[in-house]
Amino acid sequence: MSGELSSRSFLATTASVYIILLVITVFSFVVIEADWFINHLPKRSAEILVIMLVGLKASLITDYFMELHYAPKWLRGSMYFWILAVSGVLIFIIMSGLRY
């Protein structure tokens, strides 16, 4: 009985995270492609919002699908630092007006 309960819990958590990832992906697409957002938000703001959402997606994927939430704290911390560092560099590039 305990194994069945934990299996259901695992499936519920996995399904919830998958739905959250799907919603974030669709919202990111809408922010970048929809005319309403382009007309009402500055382009830089939309790009920064999408980068922040990508960082959130990366942390969800590493935690729940790469089993990082069972890893030692130093490993989780280094992964979160990496996500923040990459997001920060990309946001800095956008804010400074540099283009690739």
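1. Asp-63 counts as buried because its relative accessibility is 10%; buried means under 20% relative accessible area, exposed over 50% and partly exposed in between, with a 1.4 Å probe and protein chains only. The model is predicted: local features need pLDDT of at least 70, side-chain atom pairs count only at pLDDT 80 or more, and totals for chains, interfaces and linings use all residues. Residues are numbered from 1 along each chain as its sequence is written, and side-chain values use heavy atoms, with hydrogens and water left out.

2. Asp-63 belongs to helix 3 (residues 43-65); helices (H or I, at least four residues) are DSSP runs, numbered from the N terminus. Leaving aside residues up to four places away in sequence, Asp-63 touches Leu-68, His-69, Arg-76 and Tyr-80, where contact means heavy atoms within 4.5 Å.

3. Glu-67 is found in the loop between helix 3 and helix 4. Although Glu-67 is not a glycine, its phi is positive, at about 60°. Its relative accessibility is 36%, so Glu-67 counts as partly exposed.

4. Trp-82 is placed in helix 4 (residues 73-96). With 54% relative accessibility, Trp-82 counts as exposed. Its C-alpha is 9.8 Å from that of Gly-55, a residue 27 residues apart from Trp-82 in sequence.

5. On confidence, the protein chain has a mean pLDDT of 85, and 89% of its residues reach 70 or more; pLDDT is the predictor's confidence in each residue, from 0 to 100. Within the chain, confidence is highest in helix 4, at 94, and lowest in helix 2 (residues 35-40), at a mean of 68.

Definitions and conventions
Helices (H or I, at least four residues) and strands (E, at least two) are DSSP runs, numbered from the N terminus.
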